[in-house]
Amino acid sequence: MRIVKSVQSLRSSIKKYKDQNKTIGFVPTMGALHEGHLALIRKSRRENDIVIISVFVNPKQFGPKEDFNSYSRPEKKDILLAKNEKVDIIFYPSEKEMYPTGFLTSINVEGITDVLCGASRPGHFQGVTTVVGKLINIVTPDVMYLGQKDAQQTIVLKRMTADLNFPVTVKICPTVREADGLAMSSRNRHLTARQRETATVLYKSLKNAKKRILAGERSSARIIRSMRAEIEKNSPGKIDYIACVNADSLTPIKQLKGKVTITLAVKFGRTRLIDNTIFRI
Ligand code: AMP
């Protein structure tokens with residue numbers, strides 16, 4: 001495995017792969033790799049000749065009061081984990097490499113970035129689309145692998161690649177969970193023991209909601225009310241949002257039907273956790 005820090009050197013390796021007609025699978029990450037990331041990497045490994053991952057904690061997707069500085073950066077461990085998965089190249093750019101002096105451009109996907117996580121994290125998705133747009137242009141992958149855990153991000157990035165004609169296939173992989181159901185996240189390590197223990201209520205509430213809907217409940221308001229009560233009763237978490245939305249457009253649904261995403265964001269102290277479930281009625 002090669003650790004590459006500059007765009008120029010990455011591009012020259014990629015040119016060689018392309019000259020040999022090799023397919024490239026790409027997994028963008030912010031590091032602090034866990035089994036969720038590794039599942040994406042393994043799928044990419046199975047499906048492509050070459051696997052490239054990026055590790056870049058992107059300052060543009062963090063708000064001024066968010067956890068950019070405290071975000072975990074276990075560089076040595078990440079390199080070891082990537083090596084074990086037979087990653088070909090880990091792209092590890094500096095901030096200066098990604099945003100050199102004079103950088104002025106951004107990518108903005110409209111509308112769907114203003115709701116849910118976008119409503120509480122203004123500018124977040126513009127940061128995400130800008131960095132992933134750049135990474136796609138640098139890596140020129142055949143396939144990019146994303147996790148379902150970040151449901152809104154998958155919709156936004158699919159929209160961006162379609163709207164801007166990026167020649168890449170976007171594949172979404174299921175959320176990988178801890179044994180007790182908590183969605184794996186680089187942020188889980190910041191939870192206190194009590195927060196960690198009670199955070200399991202998030203997935204439980206999603207599962208209970210899905211069960212009730214499949215049993216016939218169609219009122220999104222009633223579902224959200226009962227999820228809210230369950231989370232508030234069983235954890236110290238402060239709910240940012242709970243929403244039932246159309247899985248493709250992210251528009252809220254009152255009467256549940258079609259392809260539905262139930263999605264939530266809850267803060268445990270300063271740690272903001274997200275989770276979702278998608279199903280068809
Ligand atoms: P991050 O490093 O958090 O920016 O995540 C990088 C990629 O890994 C994104 O596509 C995430 O959706 C995905 N990912 C993060 N956590 C999980 C998980 N628990 N299961 C599946 N994919 C995940």
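Modeller: Let us start with Gly 181, which lies in the loop between S6 and H8. Helices (H or I, at least four residues) and strands (E, at least two) are DSSP runs, numbered from the N terminus.

Colleague: Is Gly 181 buried or exposed?

Modeller: Gly 181 counts as buried because its relative accessibility is 6%. Buried means under 20% relative accessible area, exposed means over 50%, and partly exposed is in between (1.4 Å probe, protein chains only).

Colleague: What should I know about the model before we continue?

Modeller: This is a predicted model, in which local features need pLDDT of at least 70 and side-chain atom pairs count only at pLDDT 80 or more, while totals for chains, interfaces and linings use all residues. Residues are numbered from 1 along each chain as its sequence is written, and side-chain values use heavy atoms, with hydrogens and water left out.

Colleague: What lies over the face of Tyr 203?

Modeller: Arg 177 does, at 3.6 Å from the ring centre. A charge sits over a ring if NZ of Lys or CZ of Arg is within 6 Å of the ring centre and within 35 degrees of the ring normal.

Colleague: Over which ring does the charged end of Lys 60 sit?

Modeller: The charged end of Lys 60 is placed over the ring of Tyr 99, 4.5 Å from its centre. Tyr 99 also belongs to a cluster with Phe 56 and Phe 103, linked by ring pairs.

Colleague: How many aromatic pairs does the structure hold?

Modeller: There are 4 aromatic pairs. Rings of Phe, Tyr and Trp (its six-membered ring) pair if their centres lie within 6.5 Å; planes under 30 degrees apart count as stacked, over 60 as edge-to-face and the rest as tilted. One of the pairs joins Phe 62 and Phe 68, and it is edge-to-face because the planes are at 65 degrees, with the ring centres 5.4 Å apart. Both Phe 62 and Phe 68 are buried. Phe 62 also pairs with Tyr 71: their planes are at 80 degrees and their centres 5.8 Å apart, so this pair is edge-to-face. Tyr 71 is buried, as is Phe 62.

Colleague: Let us turn to the ligand. How many residues surround the ligand, and which are the closest?

Modeller: The ligand is surrounded by 17 residues, of which the closest are Met 30, His 37, Asp 150, Val 176 and Met 184. A residue is near a molecule or strand if one of its heavy atoms lies within 4 Å of it.

Colleague: What kinds of residue make up that shell?

Modeller: The shell around the ligand has 8 nonpolar, 7 polar and 2 charged residues. Ala, Val, Leu, Ile, Met, Phe, Trp, Tyr, Cys and Pro count as nonpolar, Asp, Glu, Lys and Arg as charged, and the others, Gly among them, as polar.

Colleague: Which elements each supply at least two residues of the shell?

Modeller: They are strand S2 (24-29), helix H2 (35-47) and strand S5 (143-147). H2 gives the most, with 3 residues.

Colleague: Which side chain has an N or O atom 2.8 Å from an oxygen atom of the ligand?

Modeller: That side chain belongs to His 37. A nitrogen atom of the ligand is 2.8 Å from a polar backbone atom of Val 176, and a ligand nitrogen atom is 2.9 Å from a polar backbone atom of Met 184. The protein covers 93% of the 480 Å² of accessible area that the ligand has on its own. Accessible areas come from the Shrake-Rupley method with a 1.4 Å probe; for residues, only the protein chains shown count as cover.

Colleague: Where is Ile 24 placed?

Modeller: Ile 24 is in strand S2, and it counts as buried because its relative accessibility is 0%. The C-alpha atoms of Ile 24 and Met 144 are separated by 8.7 Å, although these residues are 120 residues apart along the chain.

Methods:
A polar contact is a pair of N or O atoms within 3.5 Å; within protein, one must be able to donate a hydrogen and the other to accept it, and residues adjacent in sequence count only if both atoms are side-chain atoms.
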